[in-house]
Amino acid sequence: MTKALIVYVTAANRKDADKIAQTLVKERLAACVSIVPLVYSRYWWQGHIENSEELLLIIKTLSRKYKALERRVRSLHSYTVPEVLAIPVLHGNPDYLKWLEESV
């Protein structure tokens, strides 16, 4: 297993997604943030099912940066309970993983 993480965060609109992505990269909490422009989400919220169009941020970072990254996302996010889910990277291109390590 590597030290790398993929973190998923959804955002309500492009402005919010861009603000989160720019801040995380600028503050070196993430090496890269990819923004997927449209995902359809269905979820339980306050007792009923919601349907939303959102953007998905795919954040590449390291496990040692996760807590600071989560705090920063929560401080920037417009949602009361933002999705912030980290998935460990088991394997990856060694050159990419080296770049990731050097970038955060």
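In which helix do Lys98 and Glu102 both lie, and how many residues apart are they? Both belong to helix H3, four residues apart, which amounts to about one turn of the helix. The structure is a predicted model, in which local features need pLDDT of at least 70 and side-chain atom pairs count only at pLDDT 80 or more, while totals for chains, interfaces and linings use all residues. Residues are numbered from 1 along each chain as its sequence is written, and side-chain values use heavy atoms, with hydrogens and water left out.

Helices (H or I, at least four residues) and strands (E, at least two) are DSSP runs, numbered from the N terminus. Four strands make up an open sheet in the order E2-E3-E1-E4, with antiparallel pairing; two strands pair if DSSP finds at least two bridges between them. Strand E2 (32–45) and strand E4 (85–88) are at the edges with a single partner strand each, so one side of each has no neighbour in the sheet. On average, and with direction ignored, neighbouring strands are turned by 30° against each other. Axes here are lines fitted to C-alpha atoms, for helices over the stretch in contact, and angles run from 0 to 180 degrees between N-to-C directions. Strand E1 (residues 4–11) pairs with strand E3 (residues 48–62) through eight bridges in the antiparallel sense, and Leu55 in E3 is the bridge partner of Ala11.

Two helices accompany these strands. Helix H1 (residues 14–26) packs on the sheet, where it touches E1, E2 and E3, and its direction makes about 130° with that of E2. Helix H2 (residues 66–76) lies across E1, E3 and E4 and runs at about 10° to E1. Contact means heavy atoms within 4.5 Å. In strand E4 sits Ile87, which is in contact with Ala4, Leu5, Ile6 and Tyr8 when neighbours within four places in sequence are left aside. Ile87 is partly exposed at 38% relative accessibility (buried means under 20% relative accessible area, exposed over 50%, partly exposed in between, with a 1.4 Å probe and protein chains only).

Charged side chains come next. A salt bridge is a side-chain nitrogen of Lys or Arg within 4 Å of a carboxyl oxygen of Asp or Glu, and by this rule there are five. One of them joins Asp18 and Arg14 at 2.9 Å, N to O; both residues lie in helix H1, four residues apart. Another links Arg72 and Glu27 at 3.0 Å, N to O. Since Arg72 lies in helix H2 and Glu27 in the loop between H1 and E2, this pair ties together parts that are 45 residues apart in sequence. Lys98 and Glu102 form a salt bridge too, with the closest N and O atoms 3.2 Å apart, and Lys98 is exposed at 52% relative accessibility.

Helix H3 (residues 94–103) also contains Ser103, which is buried with a relative accessible area of 17%. Beyond its neighbours within four places in sequence, Ser103 is in contact with Arg28 and Ala31. The structure holds one aromatic pair, formed by Tyr96 and Trp99, with 5.2 Å centre to centre and 50° between the planes, a tilted arrangement. Rings of Phe, Tyr and Trp (its six-membered ring) pair if their centres lie within 6.5 Å; planes under 30 degrees apart count as stacked, over 60 as edge-to-face and the rest as tilted. Tyr96 and Trp99 are about one helical turn apart because three residues separate their positions in helix H3.
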